[in-house]
Amino acid sequence: MSAEMKEYICEAEKALLHTYNRYQIVLEKGEDVHLYDMDGKKYLDFVSGIAVFALGYHNTEYNDALKAQIDKIIHTSNYFYNKPAIEAAKKLKKISQMDRVFFTNSGTEAIEGALKAARKYAYLKDGTRDHEIIAMNHSFHGRTFGALSVTGNPKYREAFEPMIGNIKFADFNNFESVLEAANTKTCAIIMETVQGEGGIYKVDEEFLKKVRKLCDEKDILLILDEIQCGMGRTGSYFAWQKYGVKPDIMTSAKALGCGVPVGAFLMTEKVAANSLCAGDHGTTYGGNPLACTAICKVLDLFDKNNIIDHVNNVSPYLEKRLEELVSKYDFIKMRRGIGFMQGLVFDIPVGEIITNAMDNGLILINAGTNVIRFVPPLIIEKEHVDQMISILDDCLSKI
Ligand SMILES: *Cc1c(COP(=O)(O)O)cnc(C)c1O
């Protein structure tokens, strides 16, 4: 590492709040599926800014659209209409089959809105104010208080208690535990369709269908968090679309703006007509013209470049190559995941392996202590999979 890069890292540690143990790299630019640090070292990226940069870096069509919008108008406030927000909402409705959209600035804000909509829906129904929400163990929904309250990892919550009240936790993919938690006060059940931070667990079809049925019978709202697993990562626009069930409320963020901070929560007309109304919810920045231009362009490029087909074509190869590593090394327990959201589960902590991979020009990330997570840009080709496997294999052979 150059003295200059070291100096920047030193400065960062003096100025930034220490809420992350960061990797010792100052990233400067990106090109396609590669990142470059300030010393000019090139990295193959299998993280994409945590499932964000789906289209890769320095996509000129995307960049040009943003530049053009900057020269028109960046912000208007939600007291006015703006064209990019109207277009983005229309496009998002179409790919999600949901009816109404609220744009936010982040994933956690999308969760906050989803929870508020669910509580308001129940409140309008019976006038009581003690409704309950069921969330899943090992889930992750964000860091603000509402989202944190439904995040099924006590380590994240403990120091910040009390959380918002009336949250119950059930076990993901265990319908009995959901039944046990449910009662006449339950207004919503929230889960990720594929758990990300929790270790890359996908929902069982049977479990999801039973939860959907329970929700239908008891008029409970099903909230699916598609912030990480959505936007094509699993080979359909949203992971739930593979299961033949539909949520009442859905959240999106991360790859939705491919780098511009955006999120959204979407709902069916039934929920929209019977929950949040004028004055109930708001945001200064959410849905501003710059952010919505990003969404529009991302969705255009998904369409134009057949990104979903590409994921379906290349991800089986990623799975195959990861399975080879599972067979080769007895300290790797298994592969799990779907599409370009994969995890390798180890018997040993993976921190050092990831650092070694970075030294060798490959960016990876963990999901918990023992899982390496693979959430590459959706445009990777088989050759990138081969390069990644070759570097990782090299690191593993030295253990
Ligand atoms: C990242 C993530 C969030 C939080 O999104 P932020 O934009 O970081 O607030 C919520 N849910 C899931 C599933 C996520 O992966």
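Let's start at one pair of residues: Leu-224 stands opposite Met-250, which belongs to strand β11. The model you are looking at is a predicted one.

Strands of a sheet pair through backbone hydrogen bonds, and the pairing can be parallel or antiparallel.

Now look at β10 itself, residues 221-225. Is this strand enclosed or open to the outside? Of its 5 residues, 5 are buried, so the strand is largely enclosed by the rest of the structure. In a regular strand, side chains alternate between the two faces of the sheet. You can follow this in β10: Leu-221, Ile-223 and Asp-225 point one way, while Leu-222 and Leu-224 point the other way, and all of them are buried.

Which atoms of the protein come within reach of the ligand's polar atoms? An N or O atom in the side chain of Asp-225 is 2.7 Å from a nitrogen atom of the ligand. With Phe-140 the backbone takes part: one of its N or O atoms lies 3.3 Å from a ligand nitrogen atom. For Lys-254, a polar side-chain atom lies 2.6 Å from an oxygen atom of the ligand. The ligand exposes 380 Å² when taken alone, and the protein buries 81% of that.

Let's move on to another sheet. Here 4 strands form an open sheet, in the order β13-β14-β17-β16, with antiparallel pairing. Its edge strands are β13 (332-338) and β16 (365-366), each of which pairs on one side only. Further in, β14 (residues 341-346) and β17 (residues 371-374) are joined in the antiparallel sense over 4 bridges. To spot one of these pairs, find Leu-344, whose bridge partner in β17 is Ile-372.

Helix α12 (residues 307-328) lies across β13, β14 and β17, running at about 165° to β13.

Definitions and conventions
Residues numbered from 1 in each chain as written. Predicted model: local features only at pLDDT ≥ 70, side-chain atom pairs only at ≥ 80, totals over all residues. Heavy atoms only, no water. Pairing = 2+ DSSP bridges. Helix = DSSP H or I, 4+ residues; strand = E, 2+ residues; numbered from the N terminus. Contact = heavy atoms within 4.5 Å. Axes fitted to C-alpha atoms, helices over the stretch in contact; angles between N-to-C directions. Buried < 20%, exposed > 50% of the residue type's maximum accessible area, 1.4 Å probe, protein only. Polar contact = N/O pair within 3.5 Å; in protein donor to acceptor, adjacent residues only side chain to side chain. Areas by Shrake-Rupley, 256 points an atom, 1.4 Å probe, with all protein chains shown as cover.
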